[in-house]
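Okay, thanks for having me, everyone.

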Amino acid sequence: MLKLHSNRFPKPFTTRRSRLAVGMEKAGGAHGGKRWLPRLLLLAAMSWLLMVYFHLAVFRTPPVSAPHASLVAVPSDGEDGQRFRLRQQEQLKKIGSASVGALPAAVAERRPRGRGGDDASCRGRYVYIHDLPPRFNADILGNCHNWYPWHNMCGYLENGGLGEPVDNTDGVFADQGWYATDHFGLDIIFHSRIKLYDCLTDDSSRAAAVFVPFYAGFDIVQHLWGVNSTAREKDALSLDLVDWLTRRPEWRAMGGRDHFFLSGRTAYDHQRQTDSDSEWGNKLLHLPAVQNMTVLFVEKLPWTSFDFAIPYPTYFHPGKDAQIVEWQQRMRAMKRQWLFSFAGGGRNDPYSIRHHLIRQCGSSSFCKLVQCRKNERNCLIPSTFMRVFQGTRFCLQPTGDTMTRRSAFDAIMAGCVPVFFHPDSAYTQYRWHLPEAHETYSVLIPEADVRAGNVSIEETLRRIPPDVAERMTETVIGLIPRLVYADPRSRLETLRDAVDVTVDAIIERVNKLREEMGGGRGHLQQQQQTGGGAQQS
């Protein structure tokens with residue numbers, strides 16, 4: 001629901017009433033002020049009633065651009081389009097309202113932006129940001145030219161971590177708001193963006209949550225390529241952070257359970273099992289103090305409960321609401337000439353289904369294939385695949401080196417419905433940002449069926465009725481605001497971006513933990529689900 005501060009509109013009425021009062025006092029000075037008193041009261045009452053009317057009639061309008069309800073599942077073999085459509089309509093009745101209804105109410109609506117955060121709008125929403133020593137963030141950035149042996153990453157840190165503006169010579173993007181962003185650059189992007197959060201406080205006792213601006217992803221990447229870092233060196237800064245945090249009075253308030261931080265990489269880079277120097281990553285996630293906190297990644301571990309996945313950063317970083325709305329309108333108007341597409345390369349892993357997708361797409365007149373071979377520079381240019389996504393109804397999103405892909409979010413930015421082949425590619429990951437009704441915005445084709453050759457992707461997608469596919473496209477386009485990371489150098493007016501959604505979800509989680517602790521059910525370390533059952537470590 002769109003709400004504005006009530007003190008923004010009474011001012012003209014108040015000013016007019018003051019002028020009338022002054023004029024009346026001058027005119028009635030010789031005849032006595034009591035004759036004007038009833039009229040003044042009447043005018044004041046009328047002004048008040050007008051304010052109430054405008055508030056109800058104008059401000060309390062339904063939220064704008066809520067995704068339309070739609071539900072689609074892969075049609076069963078032998079099911080014709082008419083029967084499938086009837087089944088879909090019946091399922092839609094069960095869902096009821098739009099798919100956004102499956103999202104938390106607090107993050108599904110627009111919210112007016114405060115300017116500095118007053119007590120009324122920020123009560124229960126304040127965030128305190130730790131002022132960490134620079135060794136935990138700024139000093140790491142100073143080593144950006146050494147993170148990868150084959151590439152200098154310093155250019156990607158420009159513009160608050162967004163990178164340089166993309167080349168829009170061919171008009172694939174809008175003229176503003178699009179940047180060549182590194183998909184693992186969320187450490188600095190999130191930090192830069194949360195500095196503009198509506199309700200920041202310097203008083204940690206008022207905070208609903210505490211943010212720790214530790215660049216965990218950038219820290220570990222320093223030790224992964226081209227250096228012979230020992231296990232001790234990989235773990236050093238994480239252990240240093242824990243030592244620093246646990247000595248702070250802010251930590252003692254809840255034993256760190258109100259703290260959160262993030263790594264812009266996947267959780268697998270932070271869960272080394274042994275102390276072998278040759279093993280990948282660090283052991284950040286095995287530190288008990290870290291397990292007290294809420295940890296954010298672009299891909300979480302499937303068996304833990306204290307880490308959460310948030311969207312990969314895309315190339316779109318709008319600075320104003322209008323940039324989002326205009327882009328959504330442009331994507332709705334796109335002519336989608338391809339039924340489906342695949343942009344990506346093959347894998348040497350024989351278990352990967354990518355070669356199946358490349359074969360099926362390449363042999364179909366309904367599919368556009370952008371095959372990315374090793375050292376092929378064309379696939380490093382964002383416009384190459386974004387142009388294809390914009391002209392496609394369904395975009396194939398298989399697993400990559402890990403279960404998730406940044407490409408799925410690029411496809412959504414283009415209004416292309418993602419086709420997943422494993423639930424862990426999205427459904428078990430981005431619970432805060434994507435609707436519970438997965439069928440409203442995506443298609444799932446089990447990768448085992450693709451691997452066994454039991455399914456034709458083209459036939460599966462062609463069986464989806466056009467009107468259902470259109471509703472899915474509309475739902476995907478409606479998700480764009482909550483999946484982008486807004487430009488940290490400006491401020492959206494009413495729309496909620498990925499950081500807003502994340503912070504709201506974290507505060508809700510911390511509130512539940514606080515209630516558990518107050519009720520005697522709390523424990524300082526999270527339950528960690530493992531293959532052998534639940535354990536507390």
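**Contacts, cysteines and helix pairs**

So, let's start with contacts, meaning heavy atoms within 4.5 Å. Of the contacts in the protein with a separation of 6 or more, 74% are between residues 24 or more positions apart. Before I go on, this is a predicted model, where local features need pLDDT of at least 70 and side-chain atom pairs count only at pLDDT 80 or more, while totals for chains, interfaces and linings use all residues. Residues are numbered from 1 along each chain as its sequence is written, and side-chain values use heavy atoms, with hydrogens and water left out.

The protein has 20 helices and 12 strands. Those are DSSP runs, numbered from the N terminus: helices are H or I with at least four residues, strands are E with at least two. Of the 537 residues, 51% are buried. Buried here means under 20% relative accessible area, exposed means over 50%, and partly exposed is in between, with a 1.4 Å probe and protein chains only.

Now the cysteines. How many disulfides does the structure hold? Four, where a disulfide is counted as a pair of cysteine sulfur atoms within 2.5 Å.

Next up, Cys361 is joined to Cys367, S to S 1.9 Å. That link is left-handed, with -90 degrees about the S-S bond. Cys361 is buried, with a relative accessible area of 2%, and Cys367 is buried too, at 8%.

Then there's Cys395 with Cys416, S to S 2.1 Å. The link is right-handed, with 110 degrees about the S-S bond. Cys395 lies in strand 8 (residues 392–397) and Cys416 in the loop between helix 16 (407–413) and strand 9 (417–420), so parts that are 21 residues apart in sequence get tied together. Both Cys395 and Cys416 are buried.

Okay, on to helix pairs. Axes are lines fitted to C-alpha atoms, for helices over the stretch in contact, and angles run from 0 to 180 degrees between N-to-C directions. Helix 13 (residues 321–332) and helix 19 (residues 466–483) have axes that come within 10 Å and cross at roughly 165 degrees. That makes helix 13 roughly antiparallel to helix 19. For the labels, under 35 degrees is roughly parallel, over 145 roughly antiparallel, 65 to 115 roughly perpendicular, and the rest oblique. Helix 13 brings Ile324, Trp327, Gln328, Met331 and Arg332 to the contact, and helix 19 brings Glu474, Ile477, Gly478, Ile480 and Pro481.

The other pair is helix 8 (residues 186–194) and helix 20 (residues 498–518), packed at about 80 degrees with axes 10 Å apart. Helix 8 and helix 20 are therefore roughly perpendicular to each other. Phe190, Arg193 and Ile194 of helix 8 meet Val499, Asp500, Thr502 and Val503 of helix 20.
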